[in-house]
Structure formats: structure tokens, C-alpha cells
Amino acid sequence: MLRVVLAVLVAANVVSALAIVETRQRHRQLFVQFTRLERARDELNIEFGRLQLEQATWAESNRIDQVARDRLGMKFPEGNEIVVIRP
């Protein structure tokens, strides 16, 4: 009877040791994945900041005015070219 109890305790000890090893390995894998995802998030945040800055630059009124004049040949109308429409 003592041998059976001892065998069961040894088996339980081995099983729990293997479970601890597997759990720690899984923890390491998840931590590595977490670190990778944090790095990707940080890179995306940096890229988002760059894109916001670029959007602000392209949307500046001076830039729009310059493109309208240079590329499209637009200009402000003269006084006599303005027509006021009244209801």
C-alpha cells in the first residue's frame, strides 16, 4: 500500500513539474510576442505622427494657395470680375 501511495505521489510530482515547465515556456513565448507587438505599436504611433505632420503641411492655406497659382494658374479675381448674385 505504501508503494502505491509513493508511486502516485512521485507521478503527481513529475506531472506537476512538467506542467510548470510547460507553463513557464508558454509564458516566455507570450512575453516575446507581447514585446514584439509593443514594438510594432510604437512604430505605428511614430508613423501616425509623421503622417499627421505631413497632412498638416499639405493642408496649410499657403501651400494650397501656392499650388493653385503655380499648377492650376488660378488667381484672385479683379474687382470688375466679381459678380454678386442676390436672391
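A residue counts as exposed when its relative accessible area is over 50%, as buried when under 20%, and as partly exposed in between. Keep those cut-offs in mind for this tour. The model on screen is predicted.

**Stop 1: the whole chain**

The protein chain has 2 helices and 0 strands. Its C-alpha trace spans about 115 × 35 × 15 Å along the principal axes. How does the radius of gyration of the protein chain stand against that of a compact globule of 87 residues? The globule would have a value near 12 Å, but the protein chain has 35 Å.

The accessible surface comes to about 8600 Å². Carbon and sulfur atoms hold 63% of that surface. Of the 87 residues, 1% count as buried.

**Stop 2**

Select residues 2-58. This is helix α1, and Leu6 is found there. Zoom in on Leu6. Is Leu6 buried or exposed? Leu6 is exposed because its relative accessible area, 53%, is over the 50% cut-off.

Together with Leu6 they make a nonpolar surface patch of about 380 Å².

**Stop 3: Arg41 and Asp42**

Select Arg41 and Asp42. They form a salt bridge. The closest N and O atoms of the pair are 3.0 Å apart. Arg41 has 44% relative accessibility, so it counts as partly exposed. Asp42 is also partly exposed, at 36%.

Why might such a pair form? Side chains of opposite charge can pair when their charged atoms come close.

**Stop 4: Asn45 to Gln55**

Pick the C-alpha atoms of Asn45 and Gln55. How far apart are Gln55 and Asn45 in space? The C-alpha to C-alpha distance is 15 Å, across 10 residues of sequence. Gln55 is found in helix α1. Colour Gln55 by accessibility. Gln55 is exposed, because its relative accessible area is 58%.

**Stop 5: helix α2**

Move to residues 61-70, which are helix α2. Show the side chains of Asp65 and Arg69. Both residues lie in this helix, 4 residues apart, about one turn of the helix. Their side chains meet in a salt bridge, 3.2 Å from N to O.

Check the cover on each partner. Arg69 is partly exposed, with 36% relative accessibility. Asp65 has 32%, so it counts as partly exposed too.

**Stop 6: Lys75 and Glu81**

Select Lys75 and Glu81. Which residue forms a salt bridge with Glu81? The partner is Lys75, and the closest N and O atoms are 3.5 Å apart. Glu81 is partly exposed, with a relative accessible area of 46%. Lys75 has 54%, so it counts as exposed.

**Stop 7: the charges overall**

Zoom out and colour by charge. How many salt bridges are there? The count comes to 4, including Arg41 with Asp42, Arg69 with Asp65 and Glu81 with Lys75.

The protein chain carries 13 positive and 11 negative charges. Their mean positions are 14 Å apart.

Conventions
Residues numbered from 1 in each chain as written. Predicted model: local features only at pLDDT ≥ 70, side-chain atom pairs only at ≥ 80, totals over all residues. Heavy atoms only, no water. Patch = residues over 30% accessible without salt bridge, like charges linked within 9 Å, V, L, I, M, F, W, Y side chains within 5 Å. Areas by Shrake-Rupley, 256 points an atom, 1.4 Å probe, with all protein chains shown as cover. Buried < 20%, exposed > 50% of the residue type's maximum accessible area, 1.4 Å probe, protein only. Rg over C-alpha atoms; globule rule 2.2 N^0.38 Å. Lys, Arg positive; Asp, Glu negative; His and termini not counted. Charge placed at Lys NZ, Arg CZ, Asp CG, Glu CD.
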